[in-house]
Amino acid sequence: MKDAGKGKGANIYVMEGILSNQSARQRTQDVVDVIGTPDCNFIKIIDKQTANYQRDQAQSLMANWLTTGTKFDAIIANNDEMAIGAIQALKAAGVDTKAAIVGGIDATQDAMASMKAGDLKVTVFQDAAGQGKGALDTALKLAKGEKVDKTVWIPFQLVTPDNLANFAKKN
């Protein structure tokens, strides 16, 4: 956002996943927490609503937001499907998606294609192989009677157009 010249104030929309899902609530809370840091406190969430992790629901939600005429600077979605739905609505409304800031999570193949086309600006790679390894390593330690941490963290990795090629075949 700062690189896009929005460091003095930015308004964003947040698209949430299924509200009964812990990951949806956590992903949204993480956005709120990051915005609360000194580096990002210039960002204001102007609305957040669920699109239930669905592309078509996100497209409809974004179309509704667009009809309000409210100025916004970015859309952050709890997953790539919703980010792509938002992009589809922006395109349908004639918004230049190459200039729009839309971000998602999961680094899906569709998201990679959207990023390669210049539409999606950022996503987050969830390392399925790393998650599997972490789970297996933890299970083996437990089977041996070893102590394990209550939480096993598998680092997320930011995917941008600059490093897109590194993730093209990982998901």
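Is Arg-55 buried, partly exposed or exposed, and at what relative accessibility? Arg-55 counts as partly exposed, at a relative accessibility of 22%; the cut-off for buried is under 20%. The legends below describe close-up views of a predicted model.

**View 1. Arg-55 and Asp-110 form a salt bridge.** The closest N and O atoms of Arg-55 and Asp-110 are 2.8 Å apart. This pair links distant parts of the chain, with Arg-55 in helix H2 and Asp-110 in helix H4, 55 residues apart. Asp-110 has a relative accessible area of 42% and is partly exposed, and Arg-55, at 22%, is also classed as partly exposed.

**View 2. Arg-27 and Asp-106 form a salt bridge between buried residues.** The distance between the closest N and O atoms of Arg-27 and Asp-106 is 3.3 Å. Arg-27 belongs to helix H1, whereas Asp-106 is in the loop between S4 and helix H4 (109-116), so the pair ties together parts that are 79 residues apart in sequence. Both Arg-27 and Asp-106 are buried.

View 3. Lys-133 counts as exposed at 51% relative accessibility; the cut-off for exposed is over 50%. Asp-137 counts as partly exposed at 31%.

**View 4. Lys-6, Lys-71 and Asp-73 belong to a network of salt bridges.** Side chains of opposite charge can pair when their charged atoms come close. Here, salt bridges link Lys-6, Lys-71 and Asp-73 in a network. In the whole structure, a search finds eight salt bridges.

**View 5. Strands S2, S1, S3 and S4 form an open sheet in that order.** The pairing in this four-stranded sheet is parallel. The edges are taken by S2 and S4, each of which has a single partner strand, so one side of each is left without a neighbour in the sheet. On average, neighbouring strands of the sheet are turned by 20° against each other, direction ignored. Helix H2 (residues 55-68) lies across S1, S2 and S3. The helix runs at about 150° to S1.

**View 6. Strand S1 pairs with S2 and with S3.** S1 covers residues 10-16, and six of its seven residues are buried, so the strand is largely enclosed by the rest of the structure. Seven bridges pair S1 with strand S2 (residues 43-50) in the parallel sense. From S1 the chain crosses through helix H1 (residues 22-35) to S2, in a β-α-β crossover that is right-handed. S1 and strand S3 (residues 74-77) also run parallel and are joined by four bridges.

Which residues stand opposite Tyr-13 in S2 and in S3? In S2, Tyr-13 stands opposite Asp-47. In S3, the bridge partner of Tyr-13 is Ile-75. For Val-14, the bridge partner in S2 is Lys-48. In a regular strand, side chains alternate between the two faces of the sheet.

**View 7. Thr-97 lies in the loop between helix H3 (80-92) and strand S4 (101-103).** Thr-97 is buried, with a relative accessible area of 5%; buried means under 20%. The side chains of Thr-97 and Asp-119 are joined by a polar contact of 2.5 Å. Neighbours within four places in sequence aside, the residues in contact with Thr-97 are Ile-87, Leu-90, Lys-91, Gly-118, Asp-119 and Lys-121.

**View 8. Ile-154 lies in the loop between H5 and strand S6 (157-159).** With a relative accessibility of 23%, Ile-154 counts as partly exposed. Ile-154 is in contact with Asp-127, Gly-130, Gln-131 and Gly-134, its neighbours within four places in sequence being left aside. Of these contacts, Gly-130 is 24 residues from Ile-154 in sequence, and their C-alpha atoms are 6.4 Å apart in space.

Key:
Residues numbered from 1 in each chain as written. Predicted model: local features only at pLDDT ≥ 70, side-chain atom pairs only at ≥ 80, totals over all residues. Heavy atoms only, no water. Helix = DSSP H or I, 4+ residues; strand = E, 2+ residues; numbered from the N terminus. Buried < 20%, exposed > 50% of the residue type's maximum accessible area, 1.4 Å probe, protein only. Polar contact = N/O pair within 3.5 Å; in protein donor to acceptor, adjacent residues only side chain to side chain. Contact = heavy atoms within 4.5 Å. Pairing = 2+ DSSP bridges. Right-handed = clockwise from strand over helix to strand, strands pointing away. Axes fitted to C-alpha atoms, helices over the stretch in contact; angles between N-to-C directions. Salt bridge = Lys/Arg side-chain N within 4 Å of Asp/Glu carboxyl O.
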